[in-house]
Amino acid sequence: MSDTTHSFNIENAKSQMRKGFLEFPVLLIIGTSPTYAPDILKQLKEANLLVVEGTLYPLLSRMKRADLVSYTWEESKSGPPRKMYTITKEGKDVLAHLEESWRALDTSVNTLIKQYEKGN
Amino acid sequence: MKKVINITLGSVVFAIEQDAYDTLAVYLDSVKERLQAHEDASEIVADIEGALAEKFLAKKRNEKHAVTTADVSIVVEEMGTPDDFAGEEPTVSEEVEATKKQQSTKKRLYRDTDDAVIAGVASGLASYFDVDPVIVRIIFFVSIFFNGLGLFAYIVLWLVVPKAQTTTEKYAMRGEAVTLREITQRVKKNVEKVDTQNLPSAQSAWSGLRPVFVKLFAVLGICVRAVLKIAQVLAGAVLLFGGAVALAGLVSAYSIVLLSEKTLLPLEAQTAVDIMVSSTLGIVAMVASFVMMTIPLLVAILVGASLLMKRNLFTAAKSISLAVVWIVAAVLAVTASTLQLERVFQELGIDEHNSEGYQIHINVTDDYIDFDTQVLPVEDELVPSLPPEAGVAPLPPVEPVACTMDAKECPDGSYVGRSGPNCAFAACPES
């Protein structure tokens with residue numbers, strides 16, 4: 001976290017934008033193929049969607065509780081056993097809804113962006 | 001030089017330096033605290049520990065590499081602080097924030113060597129009671145003039161109270177919950193403190209002497225603690241074995257009285273036992289008094305065992321039930337035996353209106369003497385009840401006539417026993 005008020009506000013706004021949104025990319029990743037938590041992290045980081053890794057674990061636990069994902073324990077050669085996450089049927093339903101509303105959001109936000117860029 | 005300790009993290013064993021461990025422990029504690037409102041808090045913490053373990057494994061250069069503070073801070077930065085979690089997490093409520101600020105851990109008494117004039121006793125006490133250390137120091141100084149009480153108390157506390165060494169202990173001393181933010185604040189404070197300590201002070205003479213005293217007392221403290229430990233073991237052993245021996249003695253005394261030949265007992269006791277056993281009240285009195293005497297011995301044995309094993313063997317339930325049983329037994333024993341003793345004394349003839357006497361038959365057969373005691377009602381006409389006006393000196397009233405069992409050998413080789421009322425030996429047979 002930065003110390004100056006100016007950059008702090010931007011960080012805050014960015015994190016506000018990510019709030020409640022992270023489930024969607026996580027479901028997309030797990031929906032593609034069963035994934036280990038560290039690999040989910042890697043993909044999210046590459047896509048610039050996640051700042052701190054600690055956030056993922058409460059999120060995964062919440063999605064597990066909502067039956068959107070399930071996991072199995074996999075032995076690891078070097079280190080602790082890992083959780084392999086897979087998407088459930090309900091997870092797929094939720095994902096379909098999220099995708100739909102994302103497309104709608106994307107269209108309307110893009111329209112607004114275009115309008116803004118034309119104005120300047 | 002750094003102390004290295006072994007920990008398990010996500011079921012993997014790591015060697016970790018002491019200060020790195022402190023930082024990691026504080027980090028995990030604050031993560032736990034942040035997640036406490038979460039239903040799956042322990043599972044999430046386990047996930048995070050597993051992730052940390054994988055990161056440390058990746059940083060391990062060789063078998064003997066111990067995790068350092070630098071490793072911990074890099075890994076923690078990647079993982080994010082609990083406050084950062086809150087930024088990303090939509091579910092963390094304001095309430096958790098509020099409770100987090102109020103929460104404090106249980107206070108413990110330590111010596112605060114960071115803020116010490118001599119050994120940090122006063123400042124430790126001040127932290128414990130939440131007052132200014134100056135006040136405690138003044139109290140100590142003033143009480144020195146009351147027979148050196150303050151000095152004595154200070155020395156004892158110096159020897160007995162441990163020094164707050166690790167970060168966790170320092171927090172326990174202040175009764176603060178440990179969080180990353182507080183740790184950072186403290187580190188900053190310490191830096192400022194080091195700056196002020198570098199200033200030349202008027203205490204230079206004392207600061208030269210202080211380390212000598214500190215060393216001296218550290219050694220003395222070790223000795224005193226060792227002596228206390230030995231004393232604890234000795235006291236434990238004495239209580240345990242003393243209690244056991246006393247219990248065995250009590251049990252055998254009771255069984256001799258009740259089960260074996262009564263000839264081992266003095267005559268009075270024999271009769272008393274006979275009368276006691278002959279009624280329900282008497283049996284109640286005996287059993288209750290047995291229980292009443294057994295329980296303190298059991299307590300002594302338990303205390304002894306606790307001291308030896310350095311672990312409290314008394315549970316609340318055990319203590320309460322022992323106390324209740326003892327009180328009931330004591331009340332029963334006292335009431336029943338008072339009632340019963342009254343009867344025993346009556347039957348023994350203390351009561352003048354209902355006197356009874358003994359007749360002792362002594363049968364001398366071959367080599368041994370057989371005493372046979374019977375309680376016989378004394379015939380009314382045997383009781384001397386002459387009126388004083390008869391001009392004859394009144395005979396002494398019949399007193400208890402339980403006499404000891406010794407016998408006198410007569411010149412002719414026979415034996416005579418004692419008999420009442422004065423328990424004199426009977427006259428020897430005329431030869």
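These legends describe close-up views of a predicted model.

**View 1. A nonpolar patch lies on the surface of chain B.**
Ten names make up the patch: Val134(B), Ile138(B), Phe141(B), Val142(B), Ile144(B), Phe145(B), Phe146(B), Leu149(B), Leu151(B) and Ile155(B). Together they have about 980 Å² of accessible area. Two helices of chain B, helix 7 (133-143) and helix 8 (149-160), each supply at least two residues of the patch. Helix 7 of chain B gives the largest share, four residues.

**View 2. Ile144(B) sits in a loop of chain B.**
Find helix 7 and helix 8 of chain B; the loop with Ile144(B) runs between them.

**View 3. The largest nonpolar core has 45 residues.**
Which residues touch the most other members of this core? They are Val26(A), Ile40(A), Leu24(B), Leu52(B) and Phe56(B). Helix 2 (residues 41-59) of chain B gives the most to the core, with eight residues.

**View 4. Leu24(B) is in contact with several residues of chain B.**
Leave aside the neighbours within four places in sequence. Leu24(B) is then in contact with Ile7(B), Leu9(B) and Ile16(B), and also with Leu52(B), Phe56(B) and Val72(B). Leu52(B) and Phe56(B), like Leu24(B), are among the core residues that touch the most other members.

**View 5. Pro80(A) of chain A is in contact with residues of chain B.**
Pro80(A) is found in a loop of chain A, between strand 2 (69-74) and strand 3 (82-87). Its relative accessible area is 3%, so Pro80(A) is buried; the cut-off for buried is under 20%. Which residues is Pro80(A) in contact with, leaving aside its neighbours within four places in sequence? They are Gly10(B), Ser11(B), Val12(B), Gly50(B), Ala53(B), Glu54(B) and Leu57(B).

**View 6. Three strands of chain A form an open sheet.**
The strand order is 1-3-2, with antiparallel pairing. Strand 1 (35-36) and strand 2 of chain A are the edge strands, and each pairs on one side only. Strands of a sheet pair through backbone hydrogen bonds. Strand 1 and strand 3 of chain A pair over two bridges, in the antiparallel sense. Look for Thr35(A): its bridge partner in strand 3 of chain A is Tyr85(A).

Terms used:
Residues are numbered from 1 along each chain as its sequence is written. Chains are lettered from A and ligands numbered from 1 in the order in which they are written. This is a predicted model: local features need pLDDT of at least 70, side-chain atom pairs count only at pLDDT 80 or more; totals for chains, interfaces and linings use all residues. Side-chain values use heavy atoms; hydrogens and water are left out. Patches are made of residues with over 30% relative accessible area and no salt bridge: like charges are joined within 9 Å, nonpolar side chains (Val, Leu, Ile, Met, Phe, Trp, Tyr) within 5 Å. Accessible areas come from the Shrake-Rupley method with a 1.4 Å probe; for residues, only the protein chains shown count as cover. A salt bridge is a side-chain nitrogen of Lys or Arg within 4 Å of a carboxyl oxygen of Asp or Glu. A nonpolar core is a set of buried Ala, Val, Leu, Ile, Met, Phe, Trp, Tyr and Cys residues joined through side-chain atoms within 4.5 Å. Buried means under 20% relative accessible area, exposed over 50%, partly exposed in between (1.4 Å probe, protein chains only). Contact means heavy atoms within 4.5 Å. Two strands pair if DSSP finds at least two bridges between them.
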